[in-house]
Amino acid sequence: MLKLWQLDAAELVGGFGANEFTPIEVLDACLARAATCQSVLNMFVSLDENARRAAEESGQRWARREPLGPLDGVPISVKDNLHVAQLSTSWGSRLLQGYVAPHDEAPVARLRAAGAVLFGKTNCPEFAMQGTTTNALAGTTGNPWRADLTPGGSSGGAVAAVAACCGPLALTTDGGGSTRRPASHTGLYGFKPSMGLVPRGGGLPEIFQDFEVVGAVGRSLRDVGALTTVLAGRELPDAAPLRRILFVPRFGTHPVDPAIDAEVRAAARRFEKLGCLVEEAVEFGIAERVNALWPTLSGAGLAWMIERAGQFDELSGRAAPLDLDLLMPESRAALQAGQIASATLLFEVLAAVRELEREIAVIFSRHDAILTPATAALPWPANETHPPVIAGESVGRRGHAVFTAFANAAGLPAIAVPSGFVDGLPTGFQIVGRRGEDNAVLMLARLYDDAHPWRPSWPDPTMPKAQRV
């Protein structure tokens, strides 16, 4: 029999409705599990003492048969770049150490209004700008499947918490793949909604502009869909089934781990057997300009934020000038690059985005969805910034991340779906759809998931390595 902390959100809600257990019992189980795993994985930066009151209030609603929705009483963690009232928001940076959010950010407030029990903040790299999860304030987060490896970033703490069964769902952000790649590294479903589907407001300075959206991570696809619906504040529009799939195994000449390539090719064949028309792209270079220029956007956004010190100081409660020596080396490098970026270079980023949108429109005139790997590499050592070699080829800092940013640039919905294991580590693929067709993307993922259900034995990072499943 499964323990309470092993159940997904839908199973928890079913148990609440059947009087099998209460939200407070579930919260206590998840907190106990988090306490057990924290010393191994370091995924939480704070826990909310008010969560117990929220769980008790949810239990009272369930006793009256008046739940607020499909997530009432469900424990959900929140990434540490989103405000949760009366909890610290450090954004992974010592510049914000000690800052306590006075209110919920809009997506957090929407979850709270739906009865979700927001019980903790999860670790992220400084300013959520890296593909691994470590910072000078909270330290390094490990992967539940192998604690010495990274869970990815920037939502590394979020995926580690969910994969270690310290809560069934996590609220994340995605500005270039920060939800989907970590989800793939930890065997989870990670959904990035279309630009504008989930309203933002009342949060940190938006250094990624609207290209960063709030996303969802969970151990089951139905949970991720339920969380997305609550965040959107409405039922997602009905959608026709997506059947014409463009399979893109490689972007340009960028290398992909051979085992990941084999897994994604197997997924493409499975879609064919499910009745989809799958066409393999001969070449796919439309994302090259965006991928090359994407760090410019976040670097310029960081420079803008630092220059507007008054706005940032009001947020952090510190007096100007900011002590930039507190920044980590990667953030200092990004800041310096952003400070020297010309208006012409920033316009080049926007021009690349517009060109990408035109080329994407042509693709979607012939196909309904794009199928790619979610990441080009398996997890690498947690104390390293990136894998230096993929498939025998040397790569740069974003060599592992080539498949995801184009969906942010074009505002497209995209989901990472787990498909199997490579050397004991989970991996998966990415489905990308037309902007606004979020439900269609989720339906296509569900078509695959129904035929090939993902029900692994979730890792127990507290067990000796030799005893882990």
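Predicted model: local features only at pLDDT ≥ 70, side-chain atom pairs only at ≥ 80, totals over all residues.
Let's start with a pair of helices: helix 4 (residues 106–113) and helix 7 (residues 221–232) have axes that come within 8 Å and cross at roughly 110°.

Who does the touching here? From helix 4 it's Pro107, Arg110 and Leu111, and they meet Leu227, Val230, Leu231 and Ala232 of helix 7. Sorted by type, the residues of this contact come out as 6 nonpolar, no polar and 1 charged.

## Another crossing pair

Helix 9 (residues 288–307) and helix 11 (residues 329–340) are worth a look too: their axes come within 7 Å and cross at roughly 85°. Helix 9 and helix 11 are therefore roughly perpendicular to each other.

On the helix 9 side, the contact uses Gly299, Ala300, Leu302, Ala303 and Ile306, while helix 11 brings in Ser331, Ala334, Leu335, Gly338 and Gln339. The residues in this contact of helix 9 with helix 11 split into 6 nonpolar, 4 polar and no charged.

Is strand 2 (residues 75–79) mostly covered or mostly open? It's mostly covered, with 5 of its 5 residues buried. Pro75, Ser77 and Lys79 point one way from strand 2, while Ile76 and Val78 point the other way, and all of these are buried.

Strand 2 pairs in the parallel sense with strand 3 (residues 117–122), over 5 bridges. Within that pairing, valine 78 has lysine 121 of strand 3 as its bridge partner. To get from strand 2 to strand 3, the chain goes through helix 4, and this β-α-β crossover is right-handed. Strand 2 also pairs with strand 6 (residues 169–174), again in the parallel sense, over 3 bridges. There, isoleucine 76 stands opposite leucine 169.

## Strand 14 and its partners

Strand 14 (residues 414–422) is another mostly covered strand: 8 of its 9 residues are buried. Glycine 190 has alanine 416 of strand 14 as its bridge partner.

Which strand pairs with strand 14 over 8 bridges? That's strand 15 (residues 425–433), in the antiparallel sense. In this pairing, proline 418 stands opposite glycine 428 of strand 15. The hairpin of strand 14 and strand 15 has 2 residues between the strands, and aspartate 423 takes a positive phi near 55° in that hairpin. Strand 15 is also joined to strand 11 (residues 369–373) by 5 bridges, and those strands run antiparallel. Threonine 372 stands opposite glutamine 430 of strand 15.

One last stop: glycine 411, which you'll find in the loop between helix 13 (405–409) and strand 14. Buried or exposed? Glycine 411 counts as buried because its relative accessibility is 0%, and the cut-off for buried is under 20%.

Leaving out residues up to four places away in sequence, glycine 411 touches Lys192, Ser194, Met195 and Arg435. Compare leucine 236: it is 175 residues from glycine 411 in sequence, and the two are 16 Å apart in space, C-alpha to C-alpha.

Definitions and conventions. Residues numbered from 1 in each chain as written. Heavy atoms only, no water. Buried < 20%, exposed > 50% of the residue type's maximum accessible area, 1.4 Å probe, protein only. Helix = DSSP H or I, 4+ residues; strand = E, 2+ residues; numbered from the N terminus. Pairing = 2+ DSSP bridges. Axes fitted to C-alpha atoms, helices over the stretch in contact; angles between N-to-C directions. Contact = heavy atoms within 4.5 Å. Nonpolar A, V, L, I, M, F, W, Y, C, P; charged D, E, K, R; others polar. Right-handed = clockwise from strand over helix to strand, strands pointing away. Parallel < 35°, antiparallel > 145°, perpendicular 65-115°, else oblique.
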